[in-house]
Amino acid sequence: MVGVAARLLDERLDAVAVTARRIFGVRMAMGAGAAALTAWLFGLTTASFWLAGFLAAELITRVATRPLNVGAALSRRDRAVYALSMVASSSVWSTLAVLYWSTGIEPYRLAAMAVLAGLMVHAQGFSFRSPVALGALGLVPAVLWFLLPVGFGGYAGESIATLGVGLLMLLSYVVASARANIRCAAELASAQRSAEAANEAKSAFLAMMSHELRTPLNGVLGMARALQRTPLDHRQQGYVDTILRSGDGLLAILNDVLDISKIEAGRMDLEVAGFDLRALAEQSIELWSETARAKGLVLRCEVGPDVPPLVTGDETRVRQIVLNLISNALKFTEAGEVVLTLRAAPSADGDGGVEILVRDTGIGMSADQVAALFRPYAQADASTARRYGGTGLGLAICRKLASMMGGEIAVETAPGAGSTFRVFLPLPPSRSPMPEEAAPADLPTLRILVAEDNPINQAVARAILEAAGATVEVAPDGAQALERLRVETFDVVLMDVHMPVMDGVEAVGRLRSGQAGRADVPVIALTADATSGEEGRLKALGFDALQHKPVQPAALIVAIGEVIEARLASAAADAEAVA
């Protein structure tokens, strides 16, 4: 019995309660109208008794569903009380129908049947959510719907037989419709659970694939960059450049897949700060200049005089939009030029904005191709992917990012006449001065412990750090890293998050609790995971900073300098406080 009650008084009743609270004002207005009509027809005393019953049922409903105000679920007791309040409310309204029927006046009797029909329709509307709600709201009016005409209508013979059949047919339809609603609701809930499970599985798969792909890619790009810093002849330097371009292209595809997944899941956050839009445009042009030169294309940038020197927004995502658009234009242009234009544009709220235009003299597109252009994984036609490559995600990401920033993107194009992509972004002028960015430099004489289980990644880290002047020691897992930290002194630890025997998270926890030498030694996390919020999570667990794989040498060196400086400043502050 208890198990049956638990299955019936479940979260489906909470969904009914949420809807009921939303239409509380409507119910109060209807109750007031019904009370006024009852006072006119039956007198003030009868109306007062009815209104008191109505308000009592509503009060019980409000009290029983109060936890929903703070987003909490109802307890089983609350649900039971709420179900009883629905029975009470249905009975109060059904009493009104009995009053109308008892007059014996035909229009009033029709009004009574209308009230009962309305109650059954109301109950059926809730039936797809909860069988308990269906019974609590619909049982009393359903009984009266049949009982009043058949038992107290004064009909006999063929009339009562015909009436009874008609009433039973309507009740049968209501019950059948309610059962169909319940089945559909169950199927919908099952489909939703399946979709959520599939989405979670997709997220887990993407996180795993990100880690598995970035780990070998870290080896390829890391060793190629290390090789680039050695003496090479012109032909060898060309080989290394090709490796780096190919690796960066693979990394861009991987990032696109992860970005579209994060955007669709609502897990991508925007960072707002002041940045130099002109410098961003010039850097983007410089980045793609070699590609344009290899295709014999002119790639240039035009900046309007009214573009603010500094704007406020997410520099990383604006750069991503610009780079995607330039890359797309270069891909589909065989001759002529690609022009990036920045100009000021008014926004809808009057705070100013920026228009970014990328115009090319490429193949252009038809109206049908434009219609599918911004859909994820879609390209102009099937031959596009074969001829030009790509995932079909770049423009979809551009549109979603622009929309997240409150902007929009559009295209003007025609077959054979090139294309112009126009992006409006509400980037207001920034009055804050740009922070000075520290230029990467060689490290001072440091002893660095690298905790990393992958031999290739060990070699990459050693090559980068030794080239910068550091002394490097390696441990293949967290346990051995702690053993070395107990007997040796290191200035910095680079700790891979995922390792056998003992992972980086457990190792850092033990280190911070004083189980291995200096508890305050700076630790930088190394991870191939690119999920949203990873940096904040790892810092909360005791890491000082995070570097994603594939590791960027300059970024790693800067990060090491920053964590050492932060630790020194913290130690100085502690010493001053003690003094």
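So, where is the place of leucine 147? Leucine 147 is in helix α7, residues 131-152; helices here are DSSP runs of H or I with at least four residues, strands are runs of E with at least two, and both are numbered from the N terminus.

Quick housekeeping. This is a predicted model, where local features need pLDDT of at least 70, side-chain atom pairs count only at pLDDT 80 or more, and totals for chains, interfaces and linings use all residues. Residues are numbered from 1 along each chain as its sequence is written, and side-chain values use heavy atoms, with hydrogens and water left out.

Back to leucine 147: partly exposed, at 39% relative accessible area. Buried means under 20%, exposed over 50%, and partly exposed is in between, with a 1.4 Å probe and protein chains only. Together with Leu139, Val143 and Phe152, Leu147 makes a nonpolar surface patch of about 390 Å² accessible area. Those areas are Shrake-Rupley with a 1.4 Å probe, and for residues only the protein chains shown count as cover. Patch members have over 30% relative accessible area and no salt bridge; nonpolar side chains (Val, Leu, Ile, Met, Phe, Trp, Tyr) are joined within 5 Å, like charges within 9 Å.

Now the aromatics. There are four aromatic pairs, meaning Phe, Tyr or Trp rings (the six-membered one for Trp) with centres within 6.5 Å; planes under 30 degrees apart are stacked, over 60 edge-to-face, the rest tilted. One of them is tryptophan 50 with tryptophan 93, edge-to-face at 5.1 Å and 80°. That pair links helix α4 to helix α5, 43 residues apart. Tryptophan 93 also pairs edge-to-face with phenylalanine 54, at 5.9 Å and 85°. Phe54 is buried at 2%, Trp50 at 5% and Trp93 at 14%. The three form one aromatic cluster.

On to charges. The search finds 22 salt bridges, each a side-chain nitrogen of Lys or Arg within 4 Å of a carboxyl oxygen of Asp or Glu. Take arginine 79 and aspartate 14, with closest N and O atoms 2.8 Å apart. Arginine 79 lies in helix α5 and aspartate 14 in helix α2, so the pair ties together parts 65 residues apart in sequence. Which is it for these two, buried or exposed? Arginine 79 is buried at 11%, and aspartate 14 is buried at 8%.

Last one: arginine 484 meets glutamate 473 at 3.4 Å and glutamate 488 at 2.9 Å, both as salt bridges. Thanks, happy to chat!
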